[in-house]
Amino acid sequence: MKQKVTLKQIAKELDVSISTVSKALKDSVEISLDTRQKVKAFAQLYNYKPNNIALSLKNRKTKTIGVLIPEIVHHFFTTVIGGVEKVANEKGYNVIICSSNNSFDKEVINLEMLASGSADGFILSVAKETQQRKDYHHLEETMSQGMPIVLFDRIIDEMVCDKVIIDDSKGAQTATNHLIATGCRNIAIITTVDYISVGKLRTNGYLKALRANDIEIREDYILKIESIEDCETAIADFLATKKVDAIFAVNELFAVNAVKVLQKQGKKVPDDVAIIGFTDGILSKHFIPSLTTISQHGEEMGARAAKLLIDKLEAPDHEPEEYRTVIIDTSLIERASTK
């Protein structure tokens, strides 16, 4: 008997992407006829069997929710998972957690694995690479077969599904306005590249606050970081030539590294430079100085996402589809990194 192969193995053998293999097996016209034929022939030769999601749903319910997150070590996502598990367990559901490590391919593989019968529906924050590529076929195909998805935090505006978010722009405005209220005027922002939705929204909030307070917007005071691994070096190079009196960082990792860089440069926080981060995680609470931050209330976000998904799973088949977007309020938590 020939050994069964996975999407990943087919993609590697034929030197194409997992997305191409998945689409070819679905006979998508986006893929050339020659590639479709090669993929199908290889899949048949090695006994590849696509997931029959509809059959799985028809035959049984697993009473299990799949949660797909971009990063397993991020404190925010651990709080979201806590909220999901609390509601799921109260309703008699189990939870399976997978991390994409911000990889599009891994997100596709995890979704395929769980959709093969391990889970009834999904709560998902999309990977960085998925946002960059704008390829959502795996999510759309899953929903088209009757498996509900609730997106949270990093969402896809084009997808019609339930969503749980915060008002990232408003939270960033709150943070920037707080810095302005303490007398700061030369305010820099350390943010992500634009294709990461939350970073772009928080940058927009920062810009709105500056405009509303008649403060000049300086492009050279905006640092966009793509790689977390190199963020301390990027921040050090950025601040070496800037005379800032405040920094708004769109996540707590950027904020902590900004404090470290400033201290190495002989500056005091908040006496010389005030700093506000985003996400009230362990680092924000226990770093020295402790960080003023915007709290996303991750546990509440997870709880609301779980309730939306379970409501979908338990709704009668004849009930018309309605999708909701739940917006969780943020709050400013003042600590020692601001005046």
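In this predicted model, 13 residues of domain 2 are in contact with 18 residues of domain 3. Those two parts belong to a chain whose domain assignment gives domain 1 (7-50), domain 2 (60-166 + 299-330) and domain 3 (168-296).

**Distance and buried area**
- Taken over C-alpha atoms, the centres of domain 2 and domain 3 are separated by 29 Å.
- Between domain 2 and domain 3 an area of about 1400 Å² is buried, and carbon and sulfur atoms give 55% of that area.
- Of the area that domain 2 buries against domain 3, H75, K128 and I166 supply 40%, which is more than any other three residues supply.

**Polar and charged pairs across the interface**
- Zero salt bridges are found by the rule across the interface of domain 2 and domain 3.

**The side of domain 2 that touches domain 3**
- Two helices, α5 (75-90) and α7 (128-133), each supply at least two residues of the side of domain 2 that touches domain 3.
- The largest share of this side comes from α7, which contributes three residues.
- By residue class, the side of domain 2 that touches domain 3 divides into four nonpolar, five polar and four charged residues.

Notes. Residues numbered from 1 in each chain as written. Predicted model: local features only at pLDDT ≥ 70, side-chain atom pairs only at ≥ 80, totals over all residues. Heavy atoms only, no water. Domains from an automatic or database assignment. Contact = heavy atoms within 4.5 Å. Buried area = accessible area lost by both parts, 1.4 Å probe. Salt bridge = Lys/Arg side-chain N within 4 Å of Asp/Glu carboxyl O. Helix = DSSP H or I, 4+ residues; strand = E, 2+ residues; numbered from the N terminus. Nonpolar A, V, L, I, M, F, W, Y, C, P; charged D, E, K, R; others polar.
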